[in-house]
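Colleague: Please take me through a close look at one part of this model, and give me the cut-offs as you go.

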Amino acid sequence: INFTDDDINIQVGGVNFIDLTQNDGSQDEITFNEAGADLDFRVEGDTDQNLLFVDAGNDKIGVGTNSPSKELTVKGDISGSELFLRSDDNPLITLERNSDQNVGILFKNTNGHMVVGIDEDLQNDGANIFGIGYYGDLIDNDGSNHATFVVTGSQVVINNATSASDGSALTVGGAIYATGNISASGDIHSLSDITASGNFLVKGN
């Protein structure tokens, strides 16, 4: 342990582990690993040996893990009151699962809940789909928890339809109402009503 007027250094084997500095003209501070050595920092909890882990050699921090893969890696749940993300070009949020299971974001309040995410469309040879709908499977064959809005490749499915109709760009499980014009260069097929207050133009059947 080295003492100076306004500084205390705790060293082991010639490596400065902890530096305590009192600065009259600036901020006082406690610094771990002042020299920037390959010196990991670990805090144990009651049952978690890696409650907080700083991987100095790779410049990464882990919570609940001693092998962080990103600058901050958390193994477990994260709770917060607000999340703010900013980026000039990269995606703000990336959700990745190391399997073909569903990936989604759950939105929930006292009125109910919904999910936005990627599911497997069983009607289209395992194609990935993006959907907005009720909590559960976004699209399947069981008649429940279907998405209210789904994009499968170049096809769109709206209002709990179980799957995109073969060869159709748009499949709607219910009536269609428009206050403007409805125009199509291909076929229009409906099992329910189609209502428009404007023009109705079809260049197919």
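Modeller: Happy to! A patch joins residues with over 30% relative accessible area and no salt bridge, like charges within 9 Å and nonpolar side chains (Val, Leu, Ile, Met, Phe, Trp, Tyr) within 5 Å; a salt bridge puts a Lys or Arg side-chain nitrogen within 4 Å of an Asp or Glu carboxyl oxygen. The model is predicted, so local features need pLDDT of at least 70 and side-chain atom pairs 80 or more, while totals for chains, interfaces and linings use all residues. Numbering starts from 1 along each chain as its sequence is written, and side-chain values use heavy atoms, without hydrogens or water.

The nonpolar surface patch consists of Val43, Leu51, Leu52, Ile61, Leu72, Val74 and Ile78, which together have about 570 Å² of accessible area (Shrake-Rupley, 1.4 Å probe, only the protein chains shown as cover). Leu51 sits in the loop between β5 (41–43) and β6 (52–55); strands are DSSP E runs of at least two residues, numbered from the N terminus. Leu51 counts as partly exposed because its relative accessible area is 42%, between the limits for buried (under 20%) and exposed (over 50%).

Elsewhere, β1-β2-β3-β4 is the order of an open antiparallel sheet of four strands, where pairing takes at least two DSSP bridges. Its edge strands, β1 (2–3) and β4, each pair on one side only. Six bridges join β2 (residues 7–12) to β3 (residues 15–21) in the antiparallel sense, and Asn9 stands opposite Asp19 of β3. Thr31 belongs to β4 (residues 29–32) and is buried, at 16% relative accessibility. Beyond its neighbours within four places in sequence, Thr31 contacts Phe17, Ile18 and Asp19 (heavy atoms within 4.5 Å).

Definitions and conventions. Buried < 20%, exposed > 50% of the residue type's maximum accessible area, 1.4 Å probe, protein only.
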